[in-house]
Amino acid sequence: MENNIGEIIKETRIKKKMTLKDVAEQTDLSIGYLSQLERGLTSFANDTIKKIGKVLDLDVQTLLSMPTCCTKSIVRSYEREIIRMEGQSIIEYCMTNISDCSDMLPRFVELLPQKNKEETEAYKHEGEEIIYVIEGILTLKLEEETFDLYPGDCAHYPSTKRHNWSNQTNKLVRLLSINTPNHTKDDLKE
């Protein structure tokens, strides 16, 4: 089994006979956060790893270039990361670090009501998509057709068809979106 960053930090800390409290005091990070980091239960920023690397005398560049694939099978709702807020959308990864290592990209999306009700422009790309509506009414444009999807409704289509979805109501829409291929993984290679 390959070591992940958290395991390397823990092994190095123990070899240096340092406690979590020692590292926390020198990095201004909480003991709880450091514990979660060592167990692979939380994400991290590069500057956080740099702080820890300095205290533990670790080669930060090597650590940051390591793959950070998530080995967790379960991610709690409070562990999900917001990946971006885009206009009327809040998008989160469903699984921690899945963008680094998986061929699919599962995301939880919240669409706020659209301020102007103009038609959303459709686009196409390689791959395929599945969307599952959790709450609200999602408007899906697929080629020249438009569909209203309600809670429990699901759509599966090749992404090579012109498509887009929007919230044309005055209430929140929540959905699960799964895309293949995972373009964020490809972006990391460049």
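**Figure 1. Arg174 forms a salt bridge with Glu135, their closest N and O atoms lying 2.6 Å apart.** A salt bridge here is a side-chain nitrogen of Lys or Arg within 4 Å of a carboxyl oxygen of Asp or Glu. This is a predicted model, in which local features need pLDDT of at least 70, side-chain atom pairs count only at pLDDT 80 or more, and totals for chains, interfaces and linings use all residues. Residues are numbered from 1 along each chain as its sequence is written, and side-chain values use heavy atoms, with hydrogens and water left out.

Arg174 sits in strand 9 and Glu135 in strand 4. The pair links distant parts of the chain, 39 residues apart. Helices (H or I, at least four residues) and strands (E, at least two) are DSSP runs, numbered from the N terminus. Glu135 is partly exposed, at 33% relative accessible area. Arg174 is also partly exposed, at 24%. Buried means under 20% relative accessible area, exposed means over 50%, and partly exposed lies in between (1.4 Å probe, protein chains only).

**Figure 2. Glu110 forms a salt bridge with Arg174.** The closest N and O atoms of this pair are 2.7 Å apart. Glu110 lies in strand 3 and Arg174 in strand 9 (residues 173-180), so the pair ties together parts 64 residues apart in sequence. Glu110 is buried, with a relative accessible area of 14%.

Arg174 also forms a salt bridge with Glu135. Through shared partners, salt bridges join Glu110, Glu135 and Arg174 into one network.

**Figure 3. Arg13 forms a salt bridge with Glu38.** Their closest N and O atoms are 2.7 Å apart. Arg13 belongs to helix 1 (residues 5-15) and Glu38 to helix 3 (residues 31-38). The two residues are 25 apart, and the pair links distant parts of the chain. Arg13 counts as buried, at 10% relative accessibility. Glu38 counts as buried too, at 8%. The count of salt bridges comes to 3.

**Figure 4. Helix 1 packs against helix 4 (residues 46-56).** The angle is about 25°, and the axes are 10 Å apart. Helix 1 is therefore roughly parallel to helix 4. Angles under 35 degrees count as roughly parallel, over 145 as roughly antiparallel, 65 to 115 as roughly perpendicular and the rest as oblique. Axes are lines fitted to C-alpha atoms, for helices over the stretch in contact, and angles run from 0 to 180 degrees between N-to-C directions.

Helix 1 brings Ile5, Ile9, Thr12 and Arg13 to the contact. Helix 4 brings Ile49, Ile52 and Leu56. Contact means heavy atoms within 4.5 Å.

**Figure 5. Strand 3 is buried along its length, in 7 of its 7 residues.** The strand is therefore largely enclosed by the rest of the structure. Both of its faces are covered. Leu105, Arg107, Val109 and Leu111 are buried on one side, and Pro106, Phe108 and Glu110 on the other.

Strand 3 pairs with strand 9 in the antiparallel sense, over 7 bridges. Two strands pair if DSSP finds at least two bridges between them. Arg107 stands opposite Ser177 in strand 9.

**Figure 6. An open sheet of 3 strands has the order 6-5-8.** The pairing is antiparallel. Strand 6 (145-149) and strand 8 (163-166) stand at the edges. Each has a single partner strand, so one side of each is left without a neighbour in the sheet. Neighbouring strands are turned by 20° against each other on average, direction ignored.

Strand 5 (residues 138-142) is joined to strand 8 by 4 bridges. Leu140 has Trp165 of strand 8 as its bridge partner.

**Figure 7. Gly127 and Ser159 touch across two loops.** Gly127 lies in the loop between strand 3 (105-111) and strand 4 (128-135). Ser159 is found in the loop between strand 7 (154-158) and strand 8. Gly127 is partly exposed, at 29% relative accessible area. Ser159 counts as buried, at 0%.

Leaving aside residues up to four places away in sequence, Gly127 touches Pro158, Ser159, Thr160, Thr180 and Pro181. Under the same exclusion, Ser159 touches Lys124, His125, Glu126, Gly127, Glu128 and Glu129. Gly127 and Lys161 are 34 residues apart in sequence and 9.8 Å apart, C-alpha to C-alpha.
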